[in-house]
Amino acid sequence: MDYTLILLTFSPLVGFLVLLFLKEEQKTALRWVALITSLVTFALSLWALAQFRMGEGGLQLVFDQPWFRLAESQVTFAMGVDGLGMLMILLTTFLTPLALLSTWSAVQERVKGFMIFFLLLETGMLGVFTAQDLVLFYIFWEFTLIPMYFLIGIWGGERRIYAAVKFFLFTMFGSVLMLLAILYLGLTAGTFSLSDLVLARQVFAGAQVWLWLAFALAFAIKVPMWPLHTWLPDAHVEAPTAGSVILAGVLLKMGSYGFLRFNLPLFPEATLQLAPYMAVLAVIGILYGAVVSFAQTDVKKLVAYSSVSHLGFVMLGIFALTAQGLAGSILQMVNHGLSTGALFLLVGMLYERRHTRQMSAYGGIWKVVPVLGAVMLFISLSSAGLPALNGFVGEFTILLGSFSSSTLGSPWFAGLGALGVILAAVYLLVMFERVFLGPVKHAENQSLKDMNLREVLTLLPIMIVILWIGLYPSFFFNLMNPTVSQLLATVQTAAMAIR
């Protein structure tokens, strides 16, 4: 029995307990406790990585204990990670302390509550990526809703209540159908353990298309796929900066992770049947997100809609059902978390200085804030997929996998996806030109302060990893390749059975 994942997942709760004994007036102490806790959790994730055997497929660092019985079916407290789960854990623990660092001056009211909800959210997210029992997964999945609901609803913008309720209702709607599917699976097969259900999938083979759709609705809302994306712009725009960073960086990945973790291995025949339809929605999302981004005058809203486009690539790669497509999708999940998370951090820094996100309020400010301008250009280019940066590696691999996909059966999917890459470069560079280039248009921008040391330290680690993935992605591919091979073998076996 390995306790590494137990320690890692629940380590943020130690900080949560300490915060309970501090007073609201001790704002600096509250911030430091939350930050140090998140750094310890990051260190534990690196310890888990050190124990992880690269190149081996299957689950590692497994903790598996019988928990309780639901009717005649066994629920287990089962945790474990493969390459996919390890990457998502590292993304979560890497972004959380950086997001907390961004709150140092931005969050001044109810600091204690903010830090408590943030640490609770981190435990929920880590639980989602480590749980190997469907009931345990569902508990963590639903648990993440609560702290994020309060983070948006209390510390958000003017329309925060509307955005928080919309986010909650959309996610709950999808989750209810997934819960029904989980109960059907568990009660039919006599177990809720994911590995046991994969082995026993013939028991529920007759209903797998409906089960696939029930899981898919929950995950597609969370991704978010077009046309289920409408909660996302509101949630992103109204959320505080740190909330937007974690929402884009990690929470949206729970949807694509769900497709890879559950839909593909549990229902491979249904996956094959429905993959072309999902790819069509993915391509529509890529183009729709890019076109709508053009129309935005609010920088944060532009970044929010760009997520719909970028995550369309992730979904296209998954349902291409090729080794390149799956590997590119997993890497693009990490890339989007880094690049879009960094863009939200930069938008938050602009907002702290001018208290507006309208592009028309800026113009020419690179002369005034050269470091902030240079960092914004670097991150924008990474999001646009410039070669030698992270976005290029992920999107190129996805397009390669989609082009050669026999499941999709047409190179048009890759062709239309490539159009999305071009559109992304255009709307991001247009945004940069409107905000940073040309003469300084407004007198109040003449006195803007450039990035301070804390802000540089918040963005620098993300920029280093962006360069690392862009120049040497082998580490990330080596980590995920055994998982990709297993997923692909499962679906290919199902394809042969159909023939």
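Helices (DSSP runs of H or I, at least four residues) and strands (runs of E, at least two) are numbered here from the N terminus. The structure is a predicted model, in which local features need pLDDT of at least 70 and side-chain atom pairs count only at pLDDT 80 or more, whereas totals for chains, interfaces and linings use all residues. Residues are numbered from 1 along each chain as its sequence is written, and side-chain values use heavy atoms, with hydrogens and water left out.

The chain contains 22 helices and 2 strands. Its radius of gyration is 22 Å, close to the 23 Å given by the globule rule for 499 residues, so the chain is as compact as a globular protein of that length. The radius is taken over C-alpha atoms, and the rule is 2.2 Å times the number of residues to the power 0.38. The C-alpha trace spans about 70 × 55 × 40 Å along its principal axes. Of the contacts in the chain with a separation of 6 or more, 81% are accounted for by residues 24 or more positions apart; contact denotes heavy atoms within 4.5 Å.

Buried residues make up 63% of the 499 residues, where buried means under 20% relative accessible area, exposed over 50%, and partly exposed in between (1.4 Å probe, protein chains only). The accessible surface of the chain comes to about 17900 Å², and 69% of this area belongs to carbon and sulfur atoms. The chain carries 25 positive and 23 negative side chains, with the centres of the two sets 7 Å apart. In this count Lys and Arg are positive and Asp and Glu negative, while His and the chain ends are not counted; each charge is placed at NZ of Lys, CZ of Arg, CG of Asp or CD of Glu.

The largest nonpolar core comprises 187 residues, and those with the most contacts inside it are Phe-215 and Phe-259. The largest share of this core, 15 residues, is contributed by helix 17 (residues 323–354). Such a core is a set of buried Ala, Val, Leu, Ile, Met, Phe, Trp, Tyr and Cys residues joined through side-chain atoms within 4.5 Å. Beyond its neighbours within four places in sequence, Phe-259 is in contact with residues including Trp-212, Phe-219, Val-223, Met-278 and Phe-319.

Val-223, one of the contacts of Phe-259, is joined to Pro-224 by a cis peptide bond with omega near 0°. Pro-224 lies in the loop between helix 11 (208–222) and helix 12 (231–238). A further cis bond, with omega near 5°, leads from Trp-226 to Pro-227, and Pro-227 is also placed in the loop between helix 11 and helix 12. Most residues other than glycine have a negative phi, and most peptide bonds are trans. Positive phi values occur at Leu-61, near 55°, and at Arg-110, about 50°. Leu-61 is located in strand 1 (residues 60–70) and is buried at 9% relative accessibility. Arg-110, by contrast, is in the loop between helix 5 (103–106) and helix 6 (111–130) and is exposed at 53%.

Helix 16 (residues 299–320) includes Ser-307, which is buried with a relative accessible area of 0%. Leaving aside neighbours within four places in sequence, Ser-307 is in contact with Leu-232, His-236, His-336 and Thr-340.

The C-alpha atoms of Gly-470 and Thr-490, 20 residues apart along the chain, are separated by 30 Å. Leu-400 is likewise in helix 19 and is partly exposed at 42% relative accessibility. Leu-400 and Gln-26 are 374 residues apart in sequence, with a C-alpha to C-alpha distance of 53 Å.

Technical notes: Accessible areas come from the Shrake-Rupley method with a 1.4 Å probe; for residues, only the protein chains shown count as cover.
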